[in-house]
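Q: I would like to learn how to read a structure like this one, feature by feature. Could we begin with contacts between charged side chains?

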Amino acid sequence: MTFRLPSAAPLLRTPQTAVLEGIAGFVPPDAVTNDALPVAWDVDDAWVRRRTGIGERRRAAAGVTTGDLAAAAARRALAVAGGPLVDTVIVTTSTPDRPMPAMAPRLATRLGLGEIAAWDVSAACSGFVYGLAAAVGTLTSGCGDRVLLVSAEVYSTLLDPQDRSAGIVFGDGAAAVVLRRGERDEPGGVLALDLGSDGSGDELIQVPGGGAQERSRPGDYGPDDRYFRMRGREVFQHAVTRMTQSAHTVLKRADWAAEDVDRFCAHQANTRILSAVGDRIPVPGERHVTNIERVGNTGAASIPLALADAAARGELHAGQRVLLTAFGAGLTWGSAALVWPELPEVPGIDGTDGTDPAVRTPLV
């Protein structure tokens, strides 16, 4: 028998929750503009912008991994938070450096955090919201006092050079947040969450090969099965429906009306999906937080990267009510509501200043 909370039931039943106290993002400096896309794809800037809203996407340099971008974003977020002691690291990604072990323990060691709890979350583009729920659970259960949640992707390693539909959309990047245990009425407190999944749609967005299934039946797979595949038309409808429903559930749990939302940040899939979801909640376009035009779709990193970018630009202010929603492979989806806190200055997401080792070479 399957049990599920009623849609209006509050997910956070205690006065304590996770409170945001630091955020930062990092994107590689190498930008691929629409004019620089492969000639064989037969696309131009106007065509790509019209279909996706994207003007450029970032690519990690040769030898730079997901872990390198994660470490760069994590260091920045910890600095924003004042360098606090962290006792848990959660990494969300669809492009881990290796199938095993998880990335989080290695990241904790690279950051000098000691022998702390660390694990990965795999929920594709919903990863940040799923990771946020894991952080809330960790903190409210007493298993940790402060969590470093990092979302990072190097999607360029999964893209088929012949597949323009994915190639024009996806970019590489990372973002991190620092969360501490606190009260729900504090600025920065996560007020409500909603998560969902539907495994019957698992073939709509996938990398078919590369796992135990291929190893057990190698004759069923070819080299191209190691690449990312997505059935875009079907995904569009699922994404709009699921994100809209989940956002409404979180609004009800937070006791907010749509007009109470000051800033709305959805997974940066493409501008058509963002507009469709915003219209159905509804939240007007001027309240949307988006940076897809400059970085593309960065998977699990897209929501925290957009938030970090907006914070660095002074576009997020203490006391604003922020609604998040995401959709990804699995199929998975999720939403969250929080009130934005007062934060120290947040650095820009670009890695072009040369101050971080991950700009050109892999970290050690």
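A: A salt bridge is a side-chain nitrogen of Lys or Arg within 4 Å of a carboxyl oxygen of Asp or Glu. Before the cases, please note that this is a predicted model, in which local features need pLDDT of at least 70 and side-chain atom pairs count only at pLDDT 80 or more, while totals for chains, interfaces and linings use all residues. Residues are numbered from 1 along each chain as its sequence is written, and side-chain values use heavy atoms, with hydrogens and water left out.

Q: How many salt bridges does the rule give, and which side chain meets Arg49 in one?

A: The count comes to 19 salt bridges. In one of them Arg49 meets Glu293, with 2.9 Å from N to O. This pair joins distant parts of the chain, since Arg49 is in helix 1 (residues 45-52) and Glu293 in helix 9 (residues 292-295), 244 residues apart; helices (H or I, at least four residues) and strands (E, at least two) are DSSP runs, numbered from the N terminus.

Q: Is Asp309, which forms a salt bridge with Arg294, buried or exposed?

A: Buried means under 20% relative accessible area, exposed over 50%, and partly exposed in between, with a 1.4 Å probe and protein chains only. The salt bridge of Asp309 and Arg294 has an N to O distance of 2.1 Å. Asp309 lies in helix 10 (residues 302-312) and Arg294 in helix 9, so the pair ties together parts that are 15 residues apart in sequence. Because its relative accessibility is 5%, Asp309 counts as buried.

Q: Which residues are linked with Glu21 in a network of salt bridges?

A: The network links Glu21 with Arg146, Arg180 and Glu186. Within it, Glu21 and Arg180 form a salt bridge whose closest N and O atoms are 3.6 Å apart. Glu21 belongs to strand 1 (residues 16-26) and Arg180 to strand 7 (residues 172-183), 159 residues apart. Glu21 counts as buried because its relative accessibility is 17%, whereas Arg180, at 23%, counts as partly exposed.

Q: How many residues of helix 2 are buried, and what span should the helix have?

A: The expected span of a helix is 1.5 Å times one less than its number of residues. Helix 2 (residues 66-80) has 15 residues and should therefore span 21 Å, which agrees with the 21 Å between its end C-alpha atoms. Helix 2 is mostly covered, with 13 of its 15 residues buried. Helix 2 is followed by Gly82, whose phi is positive, near 90°.
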